[in-house]
Amino acid sequence: MQKPVLVIKLGTAVLTNEKGEIVQATIKKVAAGIAALTGRYRMILVSSGAVGSGRGFFSGYKGTLAERKAAAAVGNPILIRDYQKHFSAYNIPVAQALCERHHFSSRPRFLQLKETFEEFWKNGILPVMNENDLVSNVELKFSDNDELATLTAIGFDAEALLLCTSVGGFMDGDGKIIPQVEKVDGRIMGFVQKGKSSLGLGGMLSKLTFTRLATSLGIRVVICGLGGVEPFAEALAGRSGTSFTPRVSNLRARQKWLASGSITLGSLYLDKGAVRALEQRHSLLSVGIRRLQGKFAAGEVVQLKDEEEQIVGVAKVKLGVSEMTATLKSKNTIAAHADDIVLF
């Protein structure tokens, strides 16, 4: 049997100091931690830090979109060089995998991506993923690397996803790490501090949002830090960080791919009747859509939201935005077929 897939995501604040410089001791520890798990898992490392390590080359850096793209272009080779240096001590070659949203939104492209990663794993190579910031269109960007890591974990049917953070786990109102969370509900969301670090785009709200998506599709998520001797092994063993319990998922590979494109350009806001119909495995009719948002074409994946504007699932739509708008009151028009809908 093939070894299960493990996705590890490292945020900017974990990898860099206050000046945005990569901390070599951290990269060294990451390499040791991943090397210790190579016998158990096929691994993917999703690494931030490119912008942080490249921005020092730009005078008067203010973090504009153009500056971030340029900093990432400078920082990516620096980051991958550091990984190559420290993983070579364990005879683990690394490959840089710069991805864009279309690698997930197109099924043929995603299958090509999977085939490439299988070649990496067969040859003992660790893929190091990041967004291709230089060419990514602002409208098509991943919201942050928490999203990229989550969609990767879903698409590759990972056993677990580790989201490494500088705070070491998910904290309650008293600042204590909660070791186990059974469900991301209103009580858990209430603990979230909506701030974010100066270096990272993410934050705990982002991590919880994507944790909810991953666990709903059967993937265990651990929010952890890099403390301890073997931080990744300890997090997987439940001895550090916060472990989020996955739900049982019987989705087929294609359905999981469909869910992995879930954060897209469009959203459909459904009435209660439409949500109930979807729960009974019916197709989505245009009449059940209260309103829609964004620009999308027929065949693209959009979010499905309920009357409280909570994401309840995703669907590959049969109609583009203009056609759907024209048929919102139609009781006989199918907006998305039941086979192309995944509920969370």
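This is a predicted model: local features need pLDDT of at least 70, side-chain atom pairs count only at pLDDT 80 or more; totals for chains, interfaces and linings use all residues.
Residues are numbered from 1 along each chain as its sequence is written. Local features need pLDDT of at least 70, side-chain atom pairs count only at pLDDT 80 or more, totals for chains, interfaces and linings use all residues, and side-chain values use heavy atoms, with hydrogens and water left out.

**Exercise 1.** Determine how helix H2 (residues 24–35) and helix H4 (residues 65–87) are oriented to each other, and which residues meet.

*Solution.* Begin with the axes, which are lines fitted to C-alpha atoms over the stretch in contact, with angles from 0 to 180 degrees between N-to-C directions: those of H2 and H4 come within 9 Å and cross at roughly 55°. H2 and H4 are therefore oblique to each other, the class left once angles under 35 degrees (roughly parallel), over 145 (roughly antiparallel) and 65 to 115 (roughly perpendicular) are set aside. Next, list the contacts (heavy atoms within 4.5 Å): Gln24, Ile27, Lys28, Val30, Ala31 and Ile34 in H2 meet Asp82, Tyr83, His86 and Phe87 in H4. The residues of this contact divide into 6 nonpolar, 2 polar and 2 charged.

**Exercise 2.** Identify which elements each supply at least two residues of the lining of the largest cavity, and state its volume.

*Solution.* A cavity is a set of points on a 1 Å grid where a 1.4 Å probe fits but cannot get out, and lining residues have an atom within 4 Å of a point. The largest cavity has a volume of about 50 Å³. H4, strand E3 (94–99) and strand E4 (126–131) each supply at least two lining residues; the lining includes Asn76, Leu79, Ala97 and Met129. By class, the lining has 6 nonpolar, 4 polar and no charged residues.

Technical notes: Helices (H or I, at least four residues) and strands (E, at least two) are DSSP runs, numbered from the N terminus. Ala, Val, Leu, Ile, Met, Phe, Trp, Tyr, Cys and Pro count as nonpolar, Asp, Glu, Lys and Arg as charged, and the others, Gly among them, as polar. On a 1 Å grid over the protein atoms alone, a cavity is a set of points where a 1.4 Å probe fits but cannot get out, and a pocket is an open set with protein on both sides within 12 Å along at least five of seven lines; lining residues have an atom within 4 Å of a point. Grid points are joined across faces, edges and corners, and a volume is the space filled by probe spheres set on the points.
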